[in-house]
Amino acid sequence: MPAPERIPSRSLTGTELVALLTEGELTVLGQIRGASNAVLYCSVARDGEQATCVYKPVAGEQPLWDFPDGTLARREVAAYEISEATGWGLVPPTVLRDGPYGEGMCQLWIDAVPRDEAAGEDDEAGEAGEPPLLALVEDEEPGEGWKAVAHAEVGEGRTALLVHADDARLRRLAVLDAVINNGDRKGGHLLPAPDGRLYGIDHGVTFNSDDKLRTLLWGWAGEPLTAEAVEVVERLGAELAPGTPLVTRLGELITEVEIEALRGRVAGLRATGRHPEPSGEWPSIPWPPV
């Protein structure tokens with residue numbers, strides 16, 4: 001769905017974007033089809049500033065047996081809170097607010113690099129855009145610059161190797177997913193922006209107290225965390241201590257049991273200093289993968 005012409009005349013800071021998303025007038029422009037839950041494409045305007053966003057009303061959520069507490073909308077906001085706490089800014093500005101269909105999650109729309117540019121189908125597009133982040137290859141081992149995920153059936157009895165780029169932005173996202181226990185990191189949830197940043201979206205099935213990590217970013221499984229990631233999880237451990245501002249905000253979004261499990265995952269990363277590996281008790285690859 002193309003984005004309409006928008007104001008703002010200047011670049012807004014993160015704080016200003018959060019205020020715009022929270023307090024601006026929300027106007028529904030259309031519905032994004034194919035999602036499991038209601039996803040509405042909107043504009044939001046306040047004091048002469050305007051942006052486009054996604055609004056997911058709680059009223060449009062499908063019940064999930066393994067996420068009986070709270071709402072998917074609140075989990076999306078909790079994921080944004082943790083993303084901001086890491087300092088990596090991997091999740092677009094996301095707030096909880098009332099809208100035309102009641103309480104819901106409102107998230108800044110990201111104009112991702114088009115798929116043909118991201119794939120670098122020609123030299124000009126490759127220079128202007130972004131190299132691919134995921135691929136299927138015929139080789140048994142990933143090539144230079146790639147990490148192996150798993151073998152996948154591609155039809156007629158043939159298999160191919162699913163790989164993802166050995167990309168520092170993806171690696172940060174893999175750490176974030178391990179922290180928030182993301183049960184649905186698909187390829188379509190990766191949004192490379194024109195400015196070179198990479199965003200992750202769709203974090204409704206996160207923060208379960210049971211191990212639900214399901215992702216396409218297993219390429220670093222078992223490998224040592226980067227020095228940067230070690231520093232981040234150490235800082236997260238401190239910020240998740242009882243009574244901190246972050247925990248107070250999270251307490252309005254997820255349960256105490258889930259917050260304690262979150263602390264446990266961060267403590268586990270700090271203790272091992274390594275990316276987690278599939279537990280074997282839960283499907284490790286999301287379906288469909290895109």
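Reader: Which residue of E8 is the bridge partner of Ala135?

Author: The partner is Val163, and the pairing belongs to a predicted model, in which local features need pLDDT of at least 70, side-chain atom pairs count only at pLDDT 80 or more, and totals for chains, interfaces and linings use all residues. Residues are numbered from 1 along each chain as its sequence is written, and side-chain values use heavy atoms, with hydrogens and water left out.

Reader: How many bridges join E6 to strand E8?

Author: Strands are DSSP runs of E with at least two residues, helices are runs of H or I with at least four, and both are numbered from the N terminus; two strands pair if DSSP finds at least two bridges between them. Here four bridges join E6 to strand E8, residues 158-165, and the two run antiparallel.

Reader: In what order do the strands of this open sheet stand?

Author: The order of the three strands is E6-E8-E7, with antiparallel pairing, and the edges are strand E6 (134-137) and strand E7 (146-155), each of which pairs on one side only. From one strand to the next, the twist averages 30°, taken between axes fitted as lines to C-alpha atoms.

Reader: Which strands are the edges of the sheet of five strands?

Author: That open sheet has the order E1-E2-E3-E5-E4, again with antiparallel pairing, and its edges are strand E1 (25-31) and strand E4 (94-99), each pairing on one side only. Its neighbouring strands are turned by 40° against each other on average, with direction ignored. At the E4 end, six bridges join E4 to strand E5, residues 102-108, in an antiparallel run, and Gly99 stands opposite Gly102 in E5.

Reader: What is the value of phi at Asn181, and what is it at Asp202?

Author: Most residues other than glycine have a negative phi. In Asn181, however, phi is positive, near 60°, and in Asp202 it is positive too, near 65°. Asn181 sits in the loop between H5 and strand E9 (190-192), and it counts as buried because its relative accessibility is 2%. Asp202 lies in the loop between strand E10 (198-200) and H6, and at 25% relative accessibility Asp202 counts as partly exposed.

Methods:
Axes fitted to C-alpha atoms, helices over the stretch in contact; angles between N-to-C directions. Buried < 20%, exposed > 50% of the residue type's maximum accessible area, 1.4 Å probe, protein only.
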